[in-house]
Amino acid sequence: MFKFFINVKFWAPFVVVALFFLIMELLLRNGIWDKNIKPLSYLGHGVYRAKAIKAYGLDKPNWISVGNSIIDWGLDHKTLRTALKEKDIDYIRMSMGSSKFPAIQMVSDWSIENMDNLQGIIIGSSATSLGKYNMLTQYKIAWPFISSYDNQNYDYDVTNSPIEHLYQKLAFSVYFDDIKDYFINYKKHLKNYNRYTKPNKILNFNKKMNRNLCGYELANLTECIETANYLRKANKTIKNRLAEKEIKRRCPAKISKKKMAANRLSSPISDELIELYIQNWTKLFTSIAEKGLSVKFFVLPEHPLLKYTTKPIGMDQVMNQLLANISTLKNVEIYDLRELYEQHPSYEICELFNDGIHLSQTGKQIFTQEVLTSFE
Amino acid sequence: MLFNSFSFMIFLCIVLVVSAILRKYNKGAELWFLVLASAYFYGQWNWTYLILIYITIVSDYILGLKYYKSENPLKFLYISLTVNLGILAVYKYLNFILNSANTLIQTAGFSYTIPGVELLLPVGISFYTFQSMSYIIDIHRGSLKPREKFVDYALFVSFFPQLVAGPIVRASEFFKQLDEKRHFSFDMAQTGVFLITMGLVKKVVFADNLALIVDPVFNAPEAANGWSTLIAVYAFAFQIYFDFSGYTDIAIGVAMLLGFQFPKNFNHPYVALSIQDFWRRWHMTLSRWLRDYLYISLGGNRNGAWKTQRNLFLTMFLGGLWHGASWNFAIWGVLHGVYLAIERKISQYQWMSWNLDIKPVKFLKWLLVFNLVCFAWIFFRAEDFDQSIQIITNLTNLANDFKLKNLYNTSAYLVIAFMVLHKVSNYYDFATRSGKMKSLEFIFWQTIFILMLILFGAKEAESFMYFQF
């Protein structure tokens, strides 16, 4: 019996698998797959942005923006670039969809290290976005900037085992979903191949956010459930496809009723995590400020739909504590836009949001103007 | 402790090494070690409920001996059945009975409610109870002598590879292996390792990923449309097959590494051409148990057509309830009972047997059987009756959501799934030929399986579905 376990038949598959991973790791780290990456995938965000920035010139940017899709889609980057150019400021977009703390830290530190004329960073985040992330997703987004991964200074919320975490940091693991998607949707990839990279478009990005949430009753969970039921019965898009999909997903009657019955609409986060998030973010702001760079921190608004469905209890505490910690830092300016709709009473809340998370065209104009004003 | 967890792999390595060492010097010590290891395995879930297993083991061990030596043995059989069925009734069915009684009371217009009892359902209780009951029934039937050594009996009931979800092994099959010199070979080790890897692939790669299609629909059926419901129902048929047959492969593989042979539990059930054929291929050891100890005890097919139909129906109804204390499981069993009864009735007509061997007829039979089985699975998977009805209502709305693309995609995936399954059934019955595989073929498949586990395996270790029974 035990002869089998010392026989080549037992060990050979493990050796073959190890060799497979070794070869793939070397090939992927040398960029063999980079030309085929889908631009709007997690990995695509980082890889194409790094290419575009390098082609543009790393010595040019004076200001960059970092953060997730709320700031990335919520800013009119083209307008901002043009307006700031007049003030002799070269602004570049480094914000990327789904960026959370680890990706923001890596992108910021990498930019400080590699962009010789960088003067400041615009950081945008909502309270919800301050916490809870998946490390593999963050590695994917910030893959070209992973040399700035810094687990000495920052305590990442790594919940998986050390072996799994090590696996997540392999190039193969980071590229795997993209490669899989390429084979599953090969027709789409081949068709769009020529449109994959347009550096100018990447830097002057301005996502159209033409819809809004007006016409949907979403003031609280009960209204949201009723709206979701109505949309489900209608069984077709009434007005805003993205928003309607989100409403149906966030407010399914059965789960929401259970949450309401349990008087627990969102899950709380532990004190340990609250402390960890506050420490990490404070360290990042302090570190940027200590390097002599300016920071403009924009606290982004959230629609009530997000607040009563998925926003973890405790995130406002994280944000308030963070603001208190960094308010005394030299070179750090805070712009709290959480009550954006109160600051602009001529608009309804629904007019400012494209969906439950992102700003609408109106919201975008107001936010872009706020950023521009901060430079005056 | 789950088979698909890292801690189980460590546990297994230790058990294999220690039992091999003990076997060399003292066979009795090896068996005691396996009993202790099995207790540790079960105790990882709940140490207190280990007492429950040992009540079953000790009582049936003593009652078996008493029965054999007594001149008036029937009372010992009745005591054993009372203890076994009593434990099952209290721990598995008490709340179900109370809830049903409360519904009746309220339907009758009374406001009184019988309070429920908070009891944790012991993992694998139905499996080990059935196994233990078969021992005493076999003694009663005269086909088995009771075991003198307690360790033999304790190992038969609590042996960890089959403790929580089978296969349900007959006492005579197990004791024969204990009495004879157990055979260990290079081929057996190869087969055992191969079955474990293949079982893990079935569970972690196929079943757990199919759950991603199934769970959203069954968790919130009111939010799903007809097509996604149809796909979820078909996906569940495959999910439960991969989940349970994956578990069985691992159980058989682990037992094989310890020198034990377990009976086959699955034989490509979804290629069945009749419901009877399906039950000869699905959970074969349970079908065998129900036939030998329930259907035959009820009279089988010896008392005329009507009673045969009744016995079939009752067997399937109780078989359904065996799976879980809920009316949904009972309906699932009843549906199969009705299918079998109708099938039996139809097969009595001569004109029905013409031309049944031609391929188009075979295909239609397969299509009908597969869809009937899938329909019954709705009740098996849904949380309650209302949810089952919601799923069926969604399916009736298929025409409203009709899109040619959906029809094409669903059919394409089903055809591919069945082509693979058919191919596997005919040419690659790994389970039976893995020990004879040549080096390159074995290395090739093992490499593929390991890569699949790493690349496509679900990230969280999900529990096996049949653990709840």
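This note walks through a predicted model, point by point.

1. **Confidence.** Chain B has a mean pLDDT of 85. In that chain, 88% of the residues reach 70 or more.

2. **Helices α13 and α14 of chain B.** Two packed helices are described by the angle between their axes and the distance between the axes. Take helix α13 (residues 304–323) of chain B and helix α14 (residues 327–347) of chain B. They pack at an angle of about 155°, and their axes are 7 Å apart. An angle over 145 degrees counts as roughly antiparallel. Therefore α13(B) and α14(B) are roughly antiparallel to each other. The crossing of α13(B) and α14(B) is right-handed. What residues make up the contact of α13(B) with α14(B), by class? There are 13 nonpolar, seven polar and two charged residues.

3. **On to α15 of chain B.** α14(B) also packs with helix α15 (residues 359–381) of chain B. The angle is about 160°, and the axes are 7 Å apart. That makes α14(B) and α15(B) roughly antiparallel. Their crossing is right-handed.

4. **An oblique pair.** Now look at helix α3 (residues 50–69) of chain B. It packs with α6(B) at an angle of about 135°. The axes of α3(B) and α6(B) are 10 Å apart. These two helices are therefore oblique to each other. α3(B) passes α6(B) in a right-handed crossing.

5. **Salt bridges in chain A.** How many salt bridges does the structure hold over all chains? The count is 22. One of them joins the side chains of A:Asp72 and A:Arg93, with N to O at 2.6 Å. A:Asp72 lies in helix α4 (residues 69–74) of chain A, and A:Arg93 in strand β2 (residues 91–93) of chain A, so the pair ties together parts that are 21 residues apart in sequence. Are the two partners buried or exposed? A residue under 20% relative accessible area counts as buried. A:Asp72 is at 2%, so it is buried. A:Arg93 is at 5%, so it is buried too. Chain A also has a network of salt bridges, which links A:Arg81, A:Lys85 and A:Asp90.

6. **Salt bridges in chain B.** B:Arg23 forms a salt bridge with B:Glu30. Their closest N and O atoms are 3.2 Å apart. B:Arg23 is partly exposed, at 23% relative accessible area. B:Glu30 is buried, at 0% relative accessibility. Another salt bridge pairs B:Arg291 with B:Asp292. Here the closest N and O atoms are 2.9 Å apart. B:Arg291 counts as partly exposed, at 44%, whereas B:Asp292 is buried, at 10%.

7. **A buried leucine.** Where is A:Leu305? Its place is in helix α16 (residues 304–309) of chain A. At 0% relative accessibility, A:Leu305 is buried. A:Leu305 and A:Asn220 are 85 residues apart along the chain. Yet their C-alpha atoms are separated by 7.1 Å.

8. **Two positive phi angles.** Most residues other than glycine have a negative phi. A:Asp88 has a positive phi, near 65°, and is a residue other than glycine. A:Asp88 is in the loop between α5 (77–86) and β2 of chain A. Is A:Asp88 buried or exposed? A:Asp88 is exposed, with a relative accessible area of 69%. A:Asn331 is not a glycine either, and has a positive phi of about 75°. A:Asn331 is in the loop between α17 (315–326) and β5 (332–336) of chain A. A:Asn331 counts as partly exposed, at 31% relative accessibility.

How values were computed. Residues numbered from 1 in each chain as written. Chains lettered and ligands numbered in written order. Predicted model: local features only at pLDDT ≥ 70, side-chain atom pairs only at ≥ 80, totals over all residues. Heavy atoms only, no water. Axes fitted to C-alpha atoms, helices over the stretch in contact; angles between N-to-C directions. Helix = DSSP H or I, 4+ residues; strand = E, 2+ residues; numbered from the N terminus. Parallel < 35°, antiparallel > 145°, perpendicular 65-115°, else oblique. Left-handed = near helix turned anticlockwise from the far one by under 90°. Nonpolar A, V, L, I, M, F, W, Y, C, P; charged D, E, K, R; others polar. pLDDT = per-residue confidence, 0-100. Salt bridge = Lys/Arg side-chain N within 4 Å of Asp/Glu carboxyl O. Buried < 20%, exposed > 50% of the residue type's maximum accessible area, 1.4 Å probe, protein only.
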